[in-house]
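Welcome to my notebook. I opened a structure that was new to me and jotted down what I looked up, entry by entry.

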Amino acid sequence: MIPVRGFEGKTVAVFGLARTGLAAARALVAGGAQVALWDEKPAARAAAEAEGLPVVDLTSADWSQFAAVMLSPGVPLTHPAPHWTVEKARAAGVEVLGDMELFARTVNAAPEHKRPKIVAITGTNGKSTTTALIAHICSQAGRDTRIGGNIGVGVLDLEDMHGGAVYVLEISSYQLDLTSSLKPDVSIILNISPDHLERHGTMENYVAAKRRILLNQGKGDTAVIGVDDSWGARICTEITAANRRTIVPISASKAMSRGVYALDGLLYDATGDRALEIADLKRARSLPGRHNWQNAAAAYAAARALGIAPEEAGEHLMSFPGLAHRMETVSQLGRVRFVNDSKATNADAARQAMSSYPKFYWIAGGQPKTGGIDSLSDLFGRVERAYLIGEAAQAFGETLGGKAPVVQAGTMDAAVAAAYADAAASGQDAIVLLSPAAASFDQFQDFEDRGEAFRRAVQRLAAGAATNRGAA
């Protein structure tokens, strides 16, 4: 745990008592603050009380007593409308912040020699893979590495800091909206495409949230910017003109005179006098496809910024074991392979996996994002059959109408069973691909919960097949 500094003897309200909120409450108490916790779900309040944390009804509390309110990142700050906690805080002149801001202030309050290195990663797609890849490279290079934020462990639940540690943090746009003091040694914006617009209101607001990761960087810091989309290219141009930090553009689609890029799977470092070939990413089994080549370029650039040698960074890239829920093969039954790409929570992310297979049986759906799956129409010819689940099932079915056969499966178990039956009946090598192109919150806690539900459904099929073989 990282005890939060700066609120000693003060009271901080905490709203939202899932992983992030509870971790923040513990860290605030450990740092000498008092806390007042609230959640609209009785079970969440009960869990906090079971830990001995004080639960206070914030709907009727005196907000003038609070120094700040810590919001869980899922709580709306501005759109579609400010949450009632935000309105109460503003009316009382109480600061609204998130767990990443508490971490940032604690780092900034530490003596210079005790401050860790911070690598912060954001972007529409690829954040988790890139975060895990950077942590893998740093760990293999002997650095004391901690990984967390929007992946795995909340930032304040990580081991306490020291000057030799490296914190590799995935940060969502929701978290960045609540962060103002973070000063990463390395900031990464992988890519930007429309996402979470229901939360940010406009594309411009979404981009502005992403750009906050660069807010406090200065001389000696490094910004790694993906330039394969127009938004990233514009950001790179604008911050280059500002000339405040080292800037490393990255690309997976073109050669560049300066930066790190991948062409046909070959990774090049052009940050020096000449371009050096670093690695053949087509030989990295856990990094298939152009989207992963962009992730690898970003991870390599970050490793170099931390002082890891080119040869060592390239070597550790190649040994990356991969990440759960990102094009993860979870099982093979006969000639049918099951691929878990639950992290594909929007159409752009789903495109990466769909583009990797010539034909597949597609499990899709969930809580729909703006634009649905319209942008994937060029890939519908690869879909042998679609098995649709969740709130988006009807709309996805209408989009697919006449372009691919559709089964309205409804649930994950039904989708997996039907997809396997059809794939096995084909008598050919086949892929059953979970790549939902939608959020998970209609039926699951998060994308990880959805991916595990897929895994369990496949395991039940495997157990049933083994029982049938035994009976025969």
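**Entry 1: words and ground rules.** I call a residue buried under 20% relative accessible area, exposed over 50%, and partly exposed in between, using a 1.4 Å probe and protein chains only. My helices (H or I, at least four residues) and strands (E, at least two) are DSSP runs, numbered from the N terminus. The model is predicted, so I note that local features need pLDDT of at least 70 and side-chain atom pairs count only at pLDDT 80 or more, while totals for chains, interfaces and linings use all residues. Residues are numbered from 1 along each chain as its sequence is written, and side-chain values use heavy atoms, with hydrogens and water left out.

**Entry 2: the whole chain.** I began with the inventory, and the protein chain has 15 helices and 19 strands. Its radius of gyration is 23 Å, close to the 23 Å from the globule rule for 472 residues, so the chain is as compact as a globular protein of that length. For my own reference, that radius is taken over C-alpha atoms, and the rule is 2.2 Å times the number of residues to the power 0.38. I also looked up the extent of the C-alpha trace, which spans about 70 × 60 × 45 Å along its principal axes.

How much of the chain is buried? I found 54% of the 472 residues in that class. The accessible surface comes to about 18,900 Å², and 49% of it belongs to carbon and sulfur atoms. Those areas come from the Shrake-Rupley method with a 1.4 Å probe, and for residues only the protein chains shown count as cover.

Next I looked at contacts, meaning heavy atoms within 4.5 Å. Among contacts with a separation of 6 or more, 66% are between residues 24 or more positions apart.

**Entry 3: a run of parallel strands.** Here I use the rule that two strands pair if DSSP finds at least two bridges between them. I started at strand S5 (residues 117–122), which pairs with S8 in the parallel sense over four bridges. Within this stretch, Thr 122 has Ile 189 of S8 as its bridge partner.

I then turned to strand S8 (residues 186–189) itself. Both of its faces are covered, with Val 186 and Ile 188 buried on one side and Ser 187 and Ile 189 buried on the other. S8 is also joined by four bridges to strand S9 (residues 222–226), and the two run parallel. Two of the partners I wrote down are Thr 222 for Val 186 and Ile 225 for Ile 189.

Which way do the residues of S9 point? Thr 222, Val 224 and Gly 226 point one way, Ala 223 and Ile 225 point the other way, and all are buried. Five of the five residues of S9 are buried, so this strand is largely enclosed by the rest of the structure. Gly 226 stands opposite Ile 250 in S10.

**Entry 4: two helix residues.** I picked Thr 130, which is found in helix H5 (residues 127–140). Thr 130 is buried, with a relative accessible area of 0%. Leaving out residues up to four places away in sequence, Thr 130 touches Ile 121, Leu 190, Asn 295, Ala 298 and Ala 299.

My other pick was Met 412 in helix H14 (residues 412–425). Is Met 412 buried or exposed? At 4% relative accessibility, Met 412 counts as buried.

**Entry 5: backbone details in loops.** Where is Pro 80? I found Pro 80 in the loop between strand S3 (68–71) and helix H3 (84–92). The peptide bond from His 79 to Pro 80 is cis, with omega near 0°.

Asp 264 sits in the loop between strand S11 (259–263) and strand S12 (266–270). Its phi is near 50°, a positive value in a residue other than glycine. Asp 264 is exposed, with a relative accessible area of 57%.

Ala 437 was my last stop, in the loop between strand S19 (430–434) and helix H15 (447–471). Ala 437 has a positive phi of about 60° although it is not a glycine. Ala 437 is buried, with a relative accessible area of 1%.
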